[in-house]
Amino acid sequence: MMPAQKVFLSGNEAVAAGVRLARPHVIAAYPITPQTTVIERLAEMVEDESLKAEYLHVESEHSALSACIGASAVGARTFTATSSQGLLYMAECLHYASGGRFPVVMMNANRSLALPWNIYGDQRDSLSLLDCGWIQVYAEDAQESLDLIIQAYAIAEHPDVLTPMMINLDGFVITHTYELVSLPSQEDVDAFLPPFLTTNKMDLDHPMSLAFTAGPAYNQAFKQLQHQAVVSASKIICEVEERFGQRFGRNYPGLLETLYCEDAEFILVTLGSVAGTVRPVVEKLRSLGERVGLVRIRYMRPFPDTEIRNALAGAKAVGVLEKDISFGYEGTVFTNVNSALMRAKVQPPRLLNFVGGLGGKDISAEDIEQLFLRLKRPDDGETVVFI
Amino acid sequence: MVEIRFHGRGGQGAFTAARLLGVAVTLFENRHALAFPSFGPERRGSPVLGFIRIDDRKIADRSSITRCNVVVVLDDTLLDAQVFSGLQAGGLLLVNTACNELPLSIPDHVRTVIVDATALARQYLGRPLANTAMLGALSALSEVVTLQSLLAAVRQEMKGSSAEKNALLLEETYKTLGGQWQ
């Protein structure tokens, strides 16, 4: 391994650094807070030729992703980034990219949705688009963000997967926070991530039909293949992480991460940066003899249902903390966790859904302690609890 | 864990001070830091905050900084009771002002130090930009960071004559505040 460089970067700058190392051919993006500094850095890199890519200035997010789909359809490696309303504006193209099996990689800065208008972080943007056929992963810090960008191309472009991938960073809390990051060498990334080669492209020597119509007789067959591809991504993600760990010395735990779940009675399940606030609280309560634990979901699609069952089945009570609500029911992460537990062969633990952090509302260590206390209290019939 | 809040106005470099301090302690002292601005729109002249958490271990908690050990005020027109918010017992309030007294009643538990960093910045930079000077003062008055690490950070992050002028400003402010040249 070539020596890595230590740098002090924001989450957005770490993403841009990761994109440069992955050598995309085409970048098409439209600026939106809090994503903007990613594409500003990339534009600077293309300008100073430290990144040899075509940077397309487009007039909207809809066009940004459309341009990436078009470029991917001639075999180019592509990158785009967006946030919030911009992601929603891409919505129809998200399905085109996944249905066409174009492995576009996108960074999304998680931000609330209007109205009331707000630029701060929550996860309602990406979670509301869970069904668009993309692989979805949530980072906890800048290092993981950078590493995920490099891994994303290896996962998305794998012939068994060929599915676009969305890397989510909590707006401001990750995107605008500066921290120590280890920057891999270009030589190592080149060795880890060879150039994108695909047969799923427009090619004069091997002409084929792309992005076509399929009527009722065939359409579902394509959707089944798409589903199988995302399911099989679970295995590819673990393989890519293992290869990444061997080369770069940083090991990732697959679709989810557990902390002290082996004997935990009370477990918080969450995703994104707030897991970092839970960690020291779990350590503190453990030192006081409390049997508490943490599950950090990394991938929402493919969903780690077996891993969720294994981690949670022995607990007395589980709280799912998420920055999301599906109005009129419950948080979407909670629905997914609940569904995984329903398939357990044992009586599932008591489940509570903690909804917080909407529109950037702070979640403090004291708040997390209160959530563990709440899990220890007897069932009061409430399921969805706003914190 | 040390937590510091910088108060400034947009354009005075409050967040740049936090970020430079982060570069100094992470890249030149092998520690960890999270540095972040007050999130939201940036407007020149409006009150802004910069924050930093520093620890010997990787820092996981990214919630808002509500308690702090040091408060650095870059602009004395921002002085009001808010600057004491969350400042812990034995905490340091470091104020850039040309006045000899602060227009505030200082709580007993706070140690206050005044420095005319803008005058020093005018002298050494030719501009009233006091953020690096205040880092020099912080280094002289606390164990948060060494002058050497700050100088290395400034030379890495700034270019050409700006780097050298800011390095000189840092050193001179450090000495003015009684820091011992090592």
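**Reading the two chains**

Modeller: Helices (H or I, at least four residues) and strands (E, at least two) are DSSP runs, numbered from the N terminus. The model is predicted: local features need pLDDT of at least 70, side-chain atom pairs count only at pLDDT 80 or more, and totals for chains, interfaces and linings use all residues. Residues are numbered from 1 along each chain as its sequence is written, while chains are lettered from A and ligands numbered from 1 in the order in which they are written.

Biologist: How many helices and strands does chain A have, and what does its radius of gyration say?

Modeller: Chain A has 13 helices and 15 strands. The radius of gyration is taken over C-alpha atoms, and the globule rule is 2.2 Å times the number of residues to the power 0.38. For the 387 residues of chain A the rule gives 21 Å and the model has 21 Å, so chain A is as compact as a globular protein of that length.

Biologist: What share of the residues of each chain counts as buried?

Modeller: A residue is buried if 20 or more other C-beta atoms lie within 10 Å of its own, exposed if 12 or fewer, and partly exposed in between; C-beta atoms are placed from the backbone. By that rule 52% of the residues of chain A are buried, and 45% of those of chain B.

Biologist: Which residues touch the most other members of the largest nonpolar core?

Modeller: In soluble globular proteins, nonpolar side chains tend to be buried together. A nonpolar core is a set of buried Ala, Val, Leu, Ile, Met, Phe, Trp, Tyr and Cys residues joined through C-beta atoms within 7 Å. The largest one here holds 175 residues, and Ile155(A), Ile267(A) and Met134(B) touch the most other members. At least three of its residues come from each of domain 1 (5–248) and domain 2 (256–386) of chain A; such bounds come from an automatic or database domain assignment.

Biologist: Where is Val269(A) found, and what does it touch?

Modeller: Val269(A) belongs to strand β10 (residues 266–270) of chain A. Two residues are in contact if their C-beta atoms, placed from the backbone, lie within 7 Å. Setting aside residues up to four places away in sequence, Val269(A) touches Val295(A), Ile297(A), Val318(A), Val320(A) and Val337(A). Val269(A) is buried because 30 other C-beta atoms lie within 10 Å. Between Val269(A) and Val320(A) there are 4.7 Å from C-alpha to C-alpha, although they stand 51 residues apart in sequence.

Biologist: Which residues of helix α13(A) are buried, and which are exposed?

Modeller: In α13(A), Ile368(A), Leu371(A) and Leu375(A) are buried. Seen down the axis, the buried residues fall within an arc of 50 degrees (that of the directions from the helix axis to the C-beta atoms), so they line one face of the helix. Glu366(A), Leu373(A) and Lys376(A), on the other side, are exposed. The buried residues of α13(A) pack against β10, α10 (274–287), β13 (317–322) and β14 (350–355) of chain A.

Biologist: How many residues form the contact between the two domains of chain A, and how many form the contact between the chains?

Modeller: The centres of domain 1 and domain 2 of chain A, taken over C-alpha atoms, are 28 Å apart. Their contact takes 24 residues from domain 1 and 20 residues from domain 2. On the domain 1 side, α9(A) gives the most, with 5 residues. Between the chains, 18 residues of chain B are in contact with 20 residues of chain A. The largest share of the chain B side, 6 residues, comes from β2(B).

Biologist: Which peptide bonds are cis, and where is phi positive in a residue other than glycine?

Modeller: Most residues other than glycine have a negative phi, and most peptide bonds are trans. Here a cis bond joins Thr33(A) and Pro34(A), with omega about 5 degrees. The bond from Arg301(A) to Pro302(A) is also cis, with omega near -5 degrees. Phi is positive at Ala211(A), near 50 degrees, and at Tyr260(A), about 60 degrees. Tyr260(A) lies in the loop between β9 (256–259) and β10 of chain A, and counts as partly exposed because it has 16 C-beta neighbours inside 10 Å.
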